[in-house]
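This report describes a single protein chain, from its overall make-up to selected residues. The sequence and the model are shown first.

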Amino acid sequence: MAPSLEELGAFMRRWIAPSPDDKTPITLGNVWVLVIPLAATLVMAYLARRPNTWAIRIGVAPAVIMTVGRVLFGYYIDSPLAATFNYALGLCGVFCVGLTLELARAPAGRRKLGEKVANQGSQSTIERDADLRRDHARRPFHAGLFDAIELLCTMRGIEWDFGSGVHVPPSHKPAARGPCIRATLQSIVLSYFALDLVDSFVKLWPDRHTIFISTLPRLQRYALSSALQLATGLLLVAGSTTIYNCLALGDVVLLGHEPSSWPPAWDAPWRATSLNDLWARGWHQFLRRTFLFFGGYPLGYLFGRVGFVLGTFAASGVFHTLGAYFIGAGLDMRPFVFFAGQGVLVLCEHAFRIVTGRRVGGWAGRIWAYVVIFTLGQPFIDSLFNIGLDRSLVIHPSLSPARRILFPLIVRGLDVYYARKI
């Protein structure tokens, strides 16, 4: 007997986006399954670098999406200390699904800038395709594999055909290989200490599950919630910088790539002079292609610039909302409201320029950006605390200089100070 549409829909929901009751805890015995969705997505990236694979990519994409959904949305670490990992796993799943769809819809695959997709000139299409097939046929398999890994990891699209218009922050590291490696090691150490200090500060308020402490008076409550919001942003900056620099160091030292292929991930977002400056230049651009693919390009095609801006920020809101939903935290719309609202306010800045002839900028623009982020952004940060990101393990206490050395010294110094006063 054939299954009904309801039974088929329920099966698909359990397979692609399992409910919390259907999720499987990650153990040492099954942790290897996390490699499967990455390998499936890597296959799509490999095919995108091969000629004449469009039909194959379209055919393979549904299987890749189901594999990604079943593993990255269906497995989790059963511990409140793993909330950050589980949240990142959900976001990674949404990203891999978007990347698979993007690679499936690109007829010519993905190419690097200046790469000879087809020889210009008077060659016929058949001759150009034959040349392209010969170029790829001469390449060994491992070269194509490294190529696919590079495509999978090149999230900003720097020097690729999909990275047009992306802002590349200027690098302040030495251009020479040796000094650049030393500067990267120094940056890893500094960002690690910054990450540890901020994470230790957040852990001073354990098991609150919110940035709003109801027992405090209103002024102190907002001051603490603002401090926790700032700490959360610094956690993201310091944590991603540490990971990014470790990957850059490994790539340059082990694979021999040039240091210039790893420009900074951030461009001092705290110095942004408008919301447009913050999101287009200061903030990281790792998820730019995902947001453009799901929201910016479709709505931009329908409604022009307004649709492009609103669609990009709406896609960002959906992305952050689904990351929490797929780890079983329920459907909290505060992330979507925050990011969609940022799109509206960026358009307001554009309207201000049209009306006045001046861009939002300077100290007034910086104050405007800070006020918006530290008011409208607090419900979003609170939603992250609600799913347990405040109490999740980022750095183990045994590896924390702040908790092992700095904080005990501060407590001891305060004890001595108050003992002398008494």
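## Basis and overall make-up

Helices (H or I, at least four residues) and strands (E, at least two) are DSSP runs, numbered from the N terminus. The model is predicted, and local features need pLDDT of at least 70, side-chain atom pairs count only at pLDDT 80 or more, and totals for chains, interfaces and linings use all residues. Residues are numbered from 1 along each chain as its sequence is written, and side-chain values use heavy atoms, with hydrogens and water left out.

The protein chain has 13 helices and two strands. Of its 422 residues, 41% are buried (under 20% relative accessible area, with exposed over 50% and partly exposed in between; 1.4 Å probe, protein chains only). Contact means heavy atoms within 4.5 Å. Of the contacts between residues at least 6 apart in sequence, 73% join residues at least 24 apart.

## Transmembrane annotation

The unreviewed UniProt entry lists residues 29-47, 54-77, 83-104, 336-355 and 367-389 under "transmembrane region". UniProt positions are given in the numbering used here, feature names are shortened, and annotations may be inferred rather than shown by experiment.

In the model, the span of residues 54-77 is 79% helix and 8% strand, and its end C-alpha atoms lie 37 Å apart. For residues 367-389 the figures are 87% helix and 0% strand, with 28 Å between the end C-alpha atoms.

## Nonpolar cores

A nonpolar core is a set of buried Ala, Val, Leu, Ile, Met, Phe, Trp, Tyr and Cys residues joined through side-chain atoms within 4.5 Å. The largest one has 69 residues, and the members that touch the most others are Leu-72, Tyr-87, Leu-103, Leu-151, Leu-275, Trp-279 and Phe-319. Helix H4 (residues 83-104) supplies the largest share of this core, 11 residues. At least three residues come from each of domain 1 (5-153) and domain 2 (177-420); these bounds come from an automatic or database domain assignment.

Beyond residues up to four places away in sequence, Phe-319 touches Leu-91, Val-94, Phe-95, Leu-287 and Phe-291. A second, separate core has five residues, among them Val-237, Tyr-244, Trp-266 and Phe-286.

## Aromatic pairs and charges over rings

Rings of Phe, Tyr and Trp (its six-membered ring) pair if their centres lie within 6.5 Å; planes under 30 degrees apart count as stacked, over 60 as edge-to-face and the rest as tilted. There are 16 aromatic pairs in the structure. The ring centres of Tyr-244 and Trp-262 are 5.2 Å apart and the planes stand at 65 degrees, so this pair is edge-to-face. Its partners are 18 residues apart: Tyr-244 belongs to helix H8 (residues 218-254), and Trp-262 to the loop between H8 and helix H9 (275-282). Tyr-244 is buried at 10% relative accessibility, whereas Trp-262 is partly exposed at 22%.

Phe-338 and Phe-339 also pair edge-to-face, with 4.9 Å between centres and 70 degrees between planes. Phe-338 is buried at 8% relative accessibility, and Phe-339 is buried at 6%. Both residues belong to one aromatic cluster that also holds Trp-266, Trp-279, Trp-283, Phe-313 and Phe-380.

A charge sits over a ring if NZ of Lys or CZ of Arg is within 6 Å of the ring centre and within 35 degrees of the ring normal. The charged end of Arg-289 sits over the ring of Phe-162, 3.8 Å from its centre. For Arg-366 the ring is that of Trp-363, with the charged end 4.9 Å from the centre.

## Selected residues

Ala-48 is in helix H2 (residues 35-48) and is buried at 0% relative accessibility. The C-alpha atoms of Ala-48 and Gly-109 are separated by 4.3 Å, although the two residues are 61 apart along the chain. Apart from neighbours within four places in sequence, Ala-48 contacts Thr-53, Arg-57, Leu-103, Ala-108, Gly-109, Arg-110, Arg-111 and Leu-151.

Val-252 lies in helix H8 and is buried, with a relative accessible area of 5%. Gly-256, in the loop between H8 and H9, is partly exposed at 40%. With residues up to four places away not counted, Gly-256 touches Arg-177 and Asp-251; the C-alpha atoms of Gly-256 and Arg-177 are separated by 9.9 Å.
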